[in-house]
Structure formats: C-alpha cells, structure tokens
Amino acid sequence: MSEVIIKVEHLSKSFKEQEILQDINVEFEKGKIYGIIGRNGSGKSMLFKCLCGFIHSSQGKIFIKDKEIGKDVDMACEIGMLIEGTGFLANYDAYHNLDFLVRIKNKVDKTKILDTLKIVGLGEAGKKKVGKFSMGMKQRLGIAQAIVEDQEILILDEPMNGLDNQGMKEMRELFLLMKERGCTILLASHNKEDIEVLCDKVFEMESGKLNEK
C-alpha cells in the first residue's frame, strides 16, 4: 500500500477580499512525482508556500508525515524547496552559499556539498562568485540547495527556468533518480515535456482550485 506523505484538507487562503486558494483537498504519496500546472497567478506558488509553512492558511489543514503544519510543527523539516527564484549572496561562490545554508541544521559536511554541486553540473564552474553566474547556473545552484540535505520531499517551482536543453535533460534525469530513491516531488512547470516525462499524476490549478487532470 502506498504511503501518503502529504495530506491537505479543505485548504483555503484569502488576503482581504481576494481568495487565493479555494477548498483544496489532495494527497501526495511517497516516491512519486506530481505536476502542478496552471497560469501565472492561479495559486500554484501560494499552495507551495503553505505546504512549506511559509504562509499559514486561512482555513483547513496540512499534514506532512502526519504532523500538522502550524500546530505540531511551524515548518516541515522534510522539505527541500525551490520557490520563486534564488536569493544567493553574489559575492560568494556556490560552495560558500550552500555552506551558509546548511549550517542552520548542521547535517551536511563539505564533501556532501561538493558532491551535490557536481551532481547539478556546477563542479569547477561553482568556484566563481554567484554574481557572475548565468541564469541557468543560478538555477542549478537553486536545485543544489533543494537537494543537498537529502530531503524526503522536494517542492520545485519552475525548476527548469533558465536552463538550456542539455541542462533540462540532466535535471530530468536527476529528478527521476531521486524518485527511484523514494523522494516525493511536487513540480510546477509550464514546460509540457517536463510534465509528460516526469510526472506520475498531474493537477491543474485554476482560480485557486486544484483539480486532477
């Protein structure tokens, strides 16, 4: 029997008079890749922020591995994320940017950081200051940040932005490998090929409502 790792019950989110998310009910199982499609402004990023615990819902509940976000825990420690671009320190190289981030939990050593940079294609290139990175290199670093701590869940908002065809191919192969290892991935993408190649199940977000395709 498949293990449900994320469960969302009657999730709604409003700002003043505007309802961003409307009564979302969904379950995500361990070891699968889920595609979330929809126009800009449909609510995808807001859903991801609620799942991560960055923003609290107006109504409803979110459970990550049976722990309720905002009640049992403030944020889900099991989630690696790439949401709305990258916020790295321009005057430091890729290694030191990741090193600053992983010190918070102190779970990762130097070797793991270097190995992760190689996995995403930032071996020697990662020695440059991030301020001199191309958009694609910054995106690779964002993916490295999401995966470096071997999280059980990845939430990725447009992870292929800025990547060339080879980069997209490499990242697809990486995500499929992580799925094989039991990682659950939620992927928002406007790229039809990403959805077709990667996803076990696809949902469409429209006007704050989430429906299975």
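Which strand order does the open sheet of four strands have? The order is S2-S1-S4-S5, and the pairing is antiparallel. Strands pair here if DSSP finds at least two bridges between them. Helices (H or I, at least four residues) and strands (E, at least two) are DSSP runs, numbered from the N terminus. The model is a predicted one, so to speak of local features takes a pLDDT of at least 70, side-chain atom pairs count only at pLDDT 80 or more, and totals for chains, interfaces and linings use all residues. Residues are numbered from 1 along each chain as its sequence is written, and side-chain values use heavy atoms, with hydrogens and water left out.

Now for the overall picture. The protein has six helices and 10 strands. Its C-alpha trace spans about 45 × 40 × 35 Å along the principal axes. A compact globule of 213 residues would have a radius of gyration near 17 Å, and the protein agrees with that at 17 Å. The radius is taken over C-alpha atoms, and the globule rule is 2.2 Å times the number of residues to the power 0.38.

Strand S2 (18-29) and strand S5 (67-68) are its edge strands, each pairing on one side only. S5 pairs with strand S4 (residues 59-64) in the antiparallel sense over two bridges, and Ile64 stands opposite Lys67 in S5. H1 packs on this sheet, touching strand S1 (4-15), S2 and S4, and its direction makes about 120° with that of S1. Contact means heavy atoms within 4.5 Å; axes are lines fitted to C-alpha atoms, for helices over the stretch in contact, and angles run from 0 to 180 degrees between N-to-C directions.

The other sheet is also open, with six strands in the order S6-S7-S8-S3-S9-S10 and mixed pairing. Strand S6 (79-82) and strand S10 (209-212) each have a single partner strand, so one side of each is left without a neighbour in the sheet. On average, neighbouring strands are turned by 20° against each other, direction ignored. Within this sheet, strand S3 (residues 33-37) and strand S8 (residues 184-188) pair in the parallel sense over four bridges, and Ile36 stands opposite Ala188 in S8. Helix H1 (residues 44-52) packs here too, touching S3, S6, strand S7 (153-157), S8, strand S9 (201-206) and S10, at about 150° to the direction of S7. Helix H4 (residues 135-147) touches S6 and S7 as it packs on the sheet, its direction making about 165° with that of S6.

Then there are the pockets. On a 1 Å grid over the protein atoms alone, a pocket is an open set of points where a 1.4 Å probe fits, with protein on both sides within 12 Å along at least five of seven lines; lining residues have an atom within 4 Å of a point. Grid points are joined across faces, edges and corners, and a volume is the space filled by probe spheres set on the points.

The largest pocket holds about 410 Å³ of space. Of its 16 lining residues, Ile79, Met81, Lys105, Glu149 and Gln151 are the closest to the centre. S6, helix H2 (94-102) and H4 each supply at least two lining residues, with the largest share, three residues, coming from S6. By class, the lining has 11 nonpolar, three polar and two charged residues.

The second largest pocket has about 260 Å³ of space.

How values were computed
Nonpolar A, V, L, I, M, F, W, Y, C, P; charged D, E, K, R; others polar.
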